[in-house]
Amino acid sequence: MTQAYDIAIIGGGIMGCGTALRVAKGGMRPIVLDQGDLGQGASGVNAGTLSLQIKRVKLMPYALKGHAEWESIGDAVGFRKTGGYTVAFTEREAELLHERQTLKAEAGAPITFVSNNALRAAEPHLSHKVRAASYCPDDGYANSSLTGQYYRAQLRDNGIDYKERAAVTTIAGSAGGFELGTSKGVISATRVLLAAGAWLKPLAALLDVELPVQARINTVSVTERMPPLTSTVIGHATGLLTMKQKANGTVLVGGGWQGRGMPQEGRGEVLSSSVAPNLALAQYALPDLAKARVLRSWTGFEANVPDFYPLAGALSGVEDAYVLGCVRGGYTIGPYIGKLMGDYILGREPELPLFDPGRDFTKDVI
Amino acid sequence: MAEPFDIAVLGAGPAGANAALEASRLGCRVVMIDEQSHAGGQVWRAKSAAVLSAPETPETSAGNQLRKAVSQSAIAHLGDARVWQIEQVPEGWSLQILVGGRSETIIAKALVLATGAREFVQPIPGWTLPGVIGLAGATSLMKQALMPPGHRTVVSGSGPLVFFVASEIRRLGGTVAAVVTPNSRMDWIGALPSMCRRPDLMWRGMVWMADLMLARVPIFWRHAVSDVRGEDAVSSVQISKLGPDWTPLRTVKTVTSDSVCLGNGLIPALEAAQLAGLEITHAPELGGWVPKVAKDGSTNLRGVFMCGDGVGIRGASAAEIHGKLAGLSAAEFTGKQVGLQKNRLYARYAAASSFGLAMTALSVPRPGLEKLATPQTIMCRCESLSRDQLLHEIEAGAASTNAVKSGLRAGMGPCGGKFCQTAIARLVASTKGLEEGAVPPHTARPPLRPVPVSALAGDFAYSDLPIPKPAPL
Ligand SMILES: Cc1cc2nc3c(=O)[nH]c(=O)nc-3n(C[C@H](O)[C@@H](O)[C@H](O)COP(=O)(O)OP(=O)(O)OC[C@H]3O[C@@H](n4cnc5c(N)ncnc54)[C@H](O)[C@@H]3O)c2cc1C
Ligand SMILES: Cc1cc2nc3c(=O)[nH]c(=O)nc-3n(C[C@H](O)[C@H](O)[C@H](O)COP(=O)(O)OP(=O)(O)OC[C@H]3O[C@@H](n4cnc5c(N)ncnc54)[C@H](O)[C@@H]3O)c2cc1C
């Protein structure tokens, strides 16, 4: 039997890979295990919006740091800092926009409100029905589909072992730590990190821990290549639309419209009753989109707990077991909170506080 | 919304149309949807209106009979309609259809998928030049427009289609510069016993061969076109000798031509089946990945039936009979009595399948054929990706079609992967030393055909958009 790893990281999304890189830098020997390919979960299918305007107020400091991480990664993930507008079409939405973006600006995001004239000058193809708009120069996007490619190369370059198509099906405590049963043999490790995204609940159950994790089934669609229509990231006051035109001309439309399915049963199903209003809203905001043909719509599972804050810290009741997941806006925040998690596992004080997975989710404790 | 249909049939080829006819005959309310205007599918494709007066062929007369039967039946036939999404709903199954620039919903208790096949073309240098068309694509062109693909054509590929296409080109007044096939004469002799089960079809094949021989068209057995040359259009092709596993050995001849037909067998069109949720398995003898379907067309999904070449390449005759079986099964599902009608069809289905499968065995590419692609050969046309770029991604660790798609967008273009995924899966398998059966196609997603945003959006008032409560602050 090979020597035990210092830590087995279960889940090869942003959270797992980000943490692996950090603990390896700190001198540990980790292994990353994924039931599928690296970066084929939420981390590889999300809308890739790096928008401070849609981040939760209390997560703003993490999002600002996450932005900086993606910016430094740059071209390898198709990072673009384009600036972004969030628009409102009704009086009520305008109020919502004002109220929310003010709080986010106070939390540190450089968000301002812009006049319709300024908006039209910057985004001439946008609908003239916009009532109010906010702007954040830091907003942008990256190509989430490059997540797997990027982290695979990073793990390789840093000499970190990983196994794909190796689902963890059992976790047993042993003298030296843990023995993980996978479809590709047994792995021994002194510690474990559960970073299994929307699959955290069944995974934690292997350690007899109940995590109240649920999954939302978000939908994203992409069009064929189009002539230039928009040069920034466009959002809607309610968060129900995110839209950007990629460098190759395709337009990516998201906004958290719900498909159906269970993480345990495949990749989820797109529902036409969600895609239709999602694209109607996109076309309402950007009328020239009407002519574009949609080539593909898909779903991904985004995990959350009842208070919609992250799980990041020690797993209560099990020594040397940790959990990281359920980060809202986790694509943006992922590479940064992975570092924090790595520091914590290394026994260092994280730069910003983590989120106790053992907290009472029914109380407002964060 | 209108009352749901008993049965919705996707595809109006020999399989789908016969399924619809059987079910309708038993009194089911049937809707049949196809993106072509007229029933007939690939094999019995209708002639375009401009050439209706042209003489009959066995294909057009079989097709005309079928079209007549459909028009005399109670089937609601929706032509020029593309199914882009399939969803299970409480009443059964719902289909989203793009018709006349709008998206519409059809609901039925049962669903019969009869989506047929599409062809596989092994990428080779120059195959993206104008003047190169698919072998099966050429049959469509010739059936619809009654025009040969060029003045002087090289016809290259495996299985029977290569001889059919060559003889059709000659019948329509074109010149066949050469017939090139990776099969050997011995391959064909080996297929004789199965062919004898359908003497009628065997006879037609012999007529094509006799025509080519009398016209002294050179036939290159166990060869392949290895390079298509030309500046903006085809000017010549190179022909190479192949080894027993179809590995190209050496170039033997250059032939001038202005057009080339290339094809290496058919693969089941299974995206619709995958979208509905059918499990798939790898069965090389059936043409590749196929959904799990019983011989009477039933599946393990409630209310879903499937038939024809989409469940394995058994050919048009088998598709016809399989369509009847699936139509009966679907009718049975909706509560009709079918008695012993299915039992009477199984023996005919077996005979027709045996012929069809022998043809498929001749058509399925052997492993060496892949080597016709050079490092610079384009494998994914939508994204202009060369074999080298794909190989680099695979060697860097992308070990599945999904991973290659994520990294390079192979399969994210307008074709949705229909033309590249088989070759890419083979490349993943051969590079990683895996069986082809260990590299499934990428996840199927809607839309099955590109859909304009305006069709999805439809006419709507902003206030009608079902905007849920905003996310927590
Ligand atoms: C291009 C081509 C040409 C061929 N030519 C010949 C030939 O000349 N001789 C021969 O023996 N065999 C031919 N074949 C083989 C052929 O597949 C036959 O075996 C036979 O047509 C199979 O019948 P089927 O009903 O299963 O499928 P098909 O005849 O292929 O019918 C499937 C039908 O489904 C429709 N369809 C599929 N998806 C959708 C969708 N999403 N929305 C709407 N409609 C949809 C298609 O338009 C098509 O009409 C050809 C195959 C191809 C691909
Ligand atoms: C459609 C969609 C759009 C989104 N859009 C945005 C956006 O625009 N901006 C933004 O900031 N955030 C966005 N998000 C959120 C973001 O994608 C997620 O928060 C983030 O990717 C979560 O990363 P993760 O590593 O926790 O999970 P994942 O990426 O899902 O990784 C979990 C991994 O664990 C593996 N796994 C599970 N169980 C096991 C097991 N038993 N054994 C081995 N491996 C296992 C899975 O295969 C998976 O690869 C979106 C999410 C979705 C779904």
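**Close-up views of a two-chain predicted model with ligands**

An oxygen atom of ligand 2 lies 3.2 Å from a polar backbone atom of V327(A), a polar contact being a pair of N or O atoms within 3.5 Å (within protein, one must be able to donate a hydrogen and the other to accept it, and residues adjacent in sequence count only if both atoms are side-chain atoms). The model is predicted, so local features need pLDDT of at least 70 and side-chain atom pairs count only at pLDDT 80 or more, while totals for chains, interfaces and linings use all residues. Residues are numbered from 1 along each chain as its sequence is written, chains are lettered from A and ligands numbered from 1 in the order in which they are written, and side-chain values use heavy atoms, with hydrogens and water left out.

View 1. D34(A) places a polar side-chain atom 2.6 Å from an oxygen atom of the ligand. From G48(A), a polar backbone atom is 3.4 Å from an oxygen atom of ligand 2.

**View 2. Surroundings of ligand 1.** Ligand 1 is surrounded by 31 residues, the closest being A15(B), D34(B), Q42(B), K143(B) and D309(B). Backbone N or O atoms lie 3.2 Å from a ligand oxygen atom at P14(B) and 3.1 Å from a ligand oxygen atom at A316(B). At E35(B), a backbone N or O atom lies 3.1 Å from a nitrogen atom of ligand 1.

**View 3. The contact between chain B and chain A.** Chain B contributes 45 residues and chain A 56 residues, contact meaning heavy atoms within 4.5 Å. The two chains bury about 4300 Å² between them, 56% of it on carbon and sulfur atoms; this is the accessible area (1.4 Å probe) lost on being put together, summed over both parts. In chain B, R445(B), Y462(B) and L473(B) lose the most area to chain A, together 20% of what that side buries.

**View 4. The salt bridge between E383(B) and R225(A).** The closest N and O atoms of this pair are 3.0 Å apart. One salt bridge is found across the interface, defined as a side-chain nitrogen of Lys or Arg within 4 Å of a carboxyl oxygen of Asp or Glu. Between chain B and chain A, 23 residue pairs are in polar contact, both residues at pLDDT 80 or more.

How values were computed:
A residue is near a molecule or strand if one of its heavy atoms lies within 4 Å of it.
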